[in-house]
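Subject: Structure handover

Hello,

Here is the structure you are taking over, with notes on what was found in it. Please keep it open while you read.

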Amino acid sequence: MRKKPFPIGIEFYKKMIDKPYYYVDKTLMIKDLLDKGGEVNLFTRPRRFGKTLTLTMLKTFFECEIDRDGNVVDNSHYFREMKIWREGERYQKEQGQYPVIFLSLKSAKQPNYRMAYHVLRDTVIREFVRHRYVLEGVCLVDAQKEKFRQLMGCKGEEGDYATSLQFLSECLSAWHGKNVVILLDEYDVPLENAHFQGFYPEMIGFLRSFFESALKTNDNLEFAVVTGCLRISRESIFTGLNNLKAVSVLTRDYAEYFGFTEEEVKEMLKVYEIEQKMEEARRWYDGYRFGDMEVYNPWSIINYVETAVSDIHAFPRPYWSNTSSNSIIRELVETADPVMKLDVERLADGGTVEVEVHEDITYDDIYSSQNNLWNFLFFTGYLKKISERFAGQNIYLEMAIPNQEVLYVYRRTVMEWFEQQVRKADFSGFYRALAEKDCPAIEQELNRQLLETISFYDYAENYYHGFLAGLLRQHPEYAVRSNRESGNGRPDLVIYSPSVRGGVIIIEIKAAKKLEEMEAGCDAALVQIEEQNYQEEWYSIGYRNIIKYGICFYRKECMVKAGE
């Protein structure tokens with residue numbers, strides 16, 4: 001039997017089913033929306049967890065779609081084989097019954113407010129164009145038709161577009177004789193971008209009117225579904241929106257509809273006949289906890305399964321981390337004080353941190369406290385909940401890194417940050433101390449760097465090797481040869497002058513398990529240099545100035561000894 005193709009990057013439900021791509025059926029979310037009856041439902045989930053696909057599924061189900069010729073489109077065949085259809089007539093009769101406004105705000109990533117506003121305005125205009133059939137007939141009065149044409153023709157003022165969804169709802173409700181379903185995707189992208197680009201106040205001003213007129217003061221609203229990564233505080237954008245039901249990663253309701261459950265992943269691997277990859281998939285892409293449910297990253301699982309089908313021996317990759325610049329992790333590392341650096345190290349080594357959690361936040365508040373930064377990382381998918389406790393009226397979460405994929409993001413970001421710091425630093429005194437066999441000065445500089453950086457790998461020799469190699473590679477006159485990776489019986493690090501008239505520095509590294517073992521570690525390193533005769537290779541090609549160091553590390557301490 002021919003297997004369905006993988007829906008990588010497919011965000012539109014109709015396209016998903018028409019192809020057909022492999023689809024994990026999430027249509028029972030429709031039942032929950034109808035049963036729970038929330039008027040404005042805000043779903044916050046990390047990026048690439050199926051938010052856009054979910055909204056296009058809702059659009060296809062609920063919309064009374066009108067084609068270019070003015071005919072009603074029957075979309076029921078998109079659901080007849082799905083779980084929602086098996087729930088019976090009560091839900092079947094809701095299909096195709098409502099006018100729908102659908103907007104995605106994810107394109108509003110622009111360098112200034114005017115450009116971002118124009119993108120948002122053009123997004124609204126396209127929705128007016130899609131519903132231009134309302135201009136036919138007698139349902140709208142002449143003044144409404146004129147305003148509709150002005151907005152559709154890009155002739156409205158900024159204030160007109162700020163309240164345009166309310167007006168479009170009015171027109172659609174008049175034409176269809178039913179209230180409107182509003183679907184807003186990635187509502188917080190314009191705010192996040194505005195924060196990082198420096199025009200947050202202007203964007204807040206526009207979007208407050210834009211959302212409130214559509215969701216708060218809209219008499220023609222049946223219900224709305226809004227998605228984003230972060231719940232923005234009511235005070236900044238949803239002022240007085242008492243009909244808002246926020247569904248975050250902490251909420252038990254709707255937990256299974258974004259991301260893949262354990263059973264859904266097992267079924268996918270079974271379909272593609274790679275069940276033996278389940279444990280690896282779990283280790284790399286599981287670990288998210290929405291409400292009380294364990295959830296897999298859907299974007300990563302789909303990419304992982306496609307790769308494994310092509311090559312069963314392929315290594316897992318950090319697919320999710322490659323979809324973003326992960327700038328928030330970089331900010332965490334760059335701005336970390338000594339306490340936060342220790343927290344990051346503990347997380348990267350598989351430990352946990354405890355943080356007071358609060359779901360309402362503004363982008364302006366992210367960097368005002370370490371607590372806010374941890375909250376942002378949690379709600380955007382870089383941390384998961386392990387446990388929770390209540391103290392007074394506050395909730396405290398014990399958090400950890402979700403899986404190997406996200407751990408890769410932390411470790412890569414830490415290494416990039418360290419390399420940037422090294423490139424900016426002046427190590428001329430350190431290099432001079434190496435050439436002069438000034439062991440106290442070498443120790444002082446290495447200890448200072450260890451205190452300032454963030455480490456992981458549980459302080460193993462590989463970590464210290466990479467740390468020291470990064471410092472030495474900045475030497476303006478010497479080249480570095482590293483043999484840790486090849487395991488060929490050569491010293492850990494050698495720095496050498498391109499000319500034999502210059503010098504050679506041979507370094508062997510040890511990591512002690514106790515502070516009092518550091519001196520013995522240095523001695524063992526020097527003995528190894530002598531017993532392995534590491535200097536002979538350099539002596540044979542003409543070098544005469546050869547210096548040998550045994551360096552032993554214990555956590556953020558080091559000891560240096562020079563050989564004879």
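Of the 564 residues in the protein chain, 54% are buried, where buried means under 20% relative accessible area, exposed means over 50%, and partly exposed is in between (1.4 Å probe, protein chains only). This is a predicted model, in which local features need pLDDT of at least 70 and side-chain atom pairs count only at pLDDT 80 or more, while totals for chains, interfaces and linings use all residues. Residues are numbered from 1 along each chain as its sequence is written, and side-chain values use heavy atoms, with hydrogens and water left out.

Overall picture

The protein chain has 22 helices and 15 strands. Helices (H or I, at least four residues) and strands (E, at least two) are DSSP runs, numbered from the N terminus. Taken along the principal axes, the C-alpha atoms of the protein chain fill a box of roughly 100 × 55 × 50 Å. Among contacts in the protein chain with a separation of 6 or more, 71% are between residues 24 or more positions apart; a contact means heavy atoms within 4.5 Å.

Start of the chain

Lys19 and Pro20 are joined by a cis peptide bond, with omega about -5 degrees. Pro20 sits in the loop between helix H1 (13-18) and H2.

How do helix H2 and helix H3 pack? Two packed helices are described by the angle between their axes and the distance between the axes. For H2 (residues 28-36) and H3 (residues 51-62), the angle is about 70 degrees and the axes are 10 Å apart. Axes are lines fitted to C-alpha atoms, for helices over the stretch in contact, and angles run from 0 to 180 degrees between N-to-C directions. H2 and H3 are therefore roughly perpendicular to each other. On this scale, angles under 35 degrees count as roughly parallel, over 145 as roughly antiparallel, 65 to 115 as roughly perpendicular and the rest as oblique.

From H2, the residues making the contact are Met29, Ile30, Leu33 and Leu34; from H3, they are Thr54, Met57, Leu58, Phe61 and Phe62. Sorted by class, the contact of H2 with H3 has eight nonpolar residues, one polar and no charged. Here Ala, Val, Leu, Ile, Met, Phe, Trp, Tyr, Cys and Pro count as nonpolar, Asp, Glu, Lys and Arg as charged, and the others, Gly among them, as polar.

Helix H11

Which residues of helix H11 (residues 262-271) are buried? They are Glu264, Val265, Met268 and Leu269. Seen down the axis of H11, its buried residues fall within an arc of 135 degrees, so they line one face of the helix; the arc is that of the directions from the helix axis to the C-beta atoms. Glu263 and Lys270, on the other side of H11, are exposed. Helix H12 (278-285) and helix H13 (298-310) are included in what covers the buried residues of H11.

Positive phi values

Most residues other than glycine have a negative phi, and most peptide bonds are trans. Glu273, which follows H11, has a positive phi near 60 degrees. Tyr254 is not a glycine either, and its phi is positive at about 65 degrees. Tyr254 is in the loop between strand E5 (244-247) and H11, and counts as buried because its relative accessibility is 2%. Glu186 also has a positive phi, near 55 degrees. Glu186 is in the loop between strand E3 (180-185) and helix H9 (189-197) and is buried, with a relative accessible area of 11%.

Two buried helix residues

Glu127 is part of helix H5 (residues 113-130) and counts as buried at 6% relative accessibility. Leaving aside residues up to four places away in sequence, Glu127 touches Val100, Ile101, Phe102, Leu103 and Leu168.

Gln449 is in helix H19 (residues 439-452), and at 8% relative accessibility it counts as buried. Gln449 and Thr27 are 422 residues apart in sequence and 54 Å apart in space, C-alpha to C-alpha.

Cysteines

A disulfide is a covalent bond between the sulfur atoms of two cysteines. How many disulfides does the structure hold? There are zero, a disulfide being a pair of cysteine sulfur atoms within 2.5 Å. Cys558 is in no disulfide, and the nearest cysteine sulfur, that of Cys522, is 8.1 Å away. Cys558 counts as buried at 6% relative accessibility. Cys229 is buried as well, with a relative accessible area of 17%.

Regards
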